[in-house]
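Please study the sequence and the structure shown below, and then work through the exercises in order. Each task is followed by a solution in steps.

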Amino acid sequence: MIDPLNRFSLEDVSSESRESRLNNLLSALIASRSPQTAPTEELRASDADRERVIAVLTDAVTDGRLSHPEHEERVAQAYAARTLGDLAALTADLLPPEEQPLRMDGRPLTAFFRSETRGGRWVVPSHVPVTSLGGRVTMDLCEALLQSRRVVVQLAVMAGTVTLIVPEGVRIVTAPSARVGSVRDEVRLPPGATGHAPDAPVIELAGFVLGGKVVAKSPRRPRKGLFRRT
């Protein structure tokens, strides 16, 4: 016969660990379908990435955060940097995380009965796992650095909402094997365009969405002033 106190204790532990078990279950499912990719820090840096970092270093020597010898040393390191991780280390002590010229948050986006947002100038890997159970995930790519012209968003969504905010002209496609019931594509074409450019970035939706939805849209265009100068 089970002691009532022991049964209460077991039920309490079970309740507290339920979210952890669900997290592990969905994460394992995502991992089993996700290709292995190199860590973001090991990706090769471009000349544009180096110039962004050097611009921050120049501001830092101008306002006294860096001495002139420190500035010269870090600029030399920036020009010699091979990976994004090499570059990120040069500004880590100069700006808060949300203002870094390169943000390399390669963690999966996960929301369990809450909201999760990722945006700003962040480095987007070619494969982004997104897990939501009764939550809302917002992925803003308008200022992001795409490491590939084709980004696969691997979805594991149950009763959740995933919102993709992308620049105008980005194509949204669904993988043939995906089970994504509700997709609302509201991404606009650039002004004057009649179709997508041949080299337009592509966001591919893979995985599954059960009882939830995916919304893709462009940011609002700046409103024109009521009065124009003549």
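Two strands pair if DSSP finds at least two bridges between them. Helices (H or I, at least four residues) and strands (E, at least two) are DSSP runs, numbered from the N terminus. The model is predicted: local features need pLDDT of at least 70, side-chain atom pairs count only at pLDDT 80 or more, and totals for chains, interfaces and linings use all residues. Residues are numbered from 1 along each chain as its sequence is written, and side-chain values use heavy atoms, with hydrogens and water left out.

**Exercise 1. The sheet**

Task: State which residue stands opposite serine 115, and describe the order of the strands in the open sheet of five strands.

Solution.
Step 1. Serine 115 faces arginine 136, a residue of S5.
Step 2. S2 and strand S5 (residues 136-140) are joined by four bridges in the parallel sense.
Step 3. The order across the five strands of the open sheet is S2-S5-S8-S13-S11, and the pairing is parallel.
Step 4. At the edges are strand S2 (115-118) and strand S11 (183-186), each of which pairs on one side only.
Step 5. From one strand to the next, the twist averages 10°; here axes are lines fitted to C-alpha atoms, for helices over the stretch in contact, and angles run from 0 to 180 degrees between N-to-C directions.

**Exercise 2. Positive phi angles**

Task: Determine where phenylalanine 113 lies and whether it is buried or exposed; then treat alanine 159 likewise.

Solution.
Step 1. Phenylalanine 113 belongs to the loop between strand S1 (109-112) and S2. Its phi is positive, about 55°, although the residue is not a glycine.
Step 2. Phenylalanine 113 has a relative accessible area of 61% and is therefore exposed (buried means under 20% relative accessible area, exposed over 50%, partly exposed in between, with a 1.4 Å probe and protein chains only).
Step 3. Alanine 159 occupies the loop between strand S7 (150-158) and strand S8 (161-165). This residue other than glycine also has a positive phi, near 55°.
Step 4. With a relative accessible area of 51%, alanine 159 is exposed.

**Exercise 3. The whole chain**

Task: How many helices and strands are there in the protein chain, and what percentage of its residues is buried?

Solution.
Step 1. The protein chain contains four helices and 13 strands.
Step 2. Of its 230 residues, 40% are buried.
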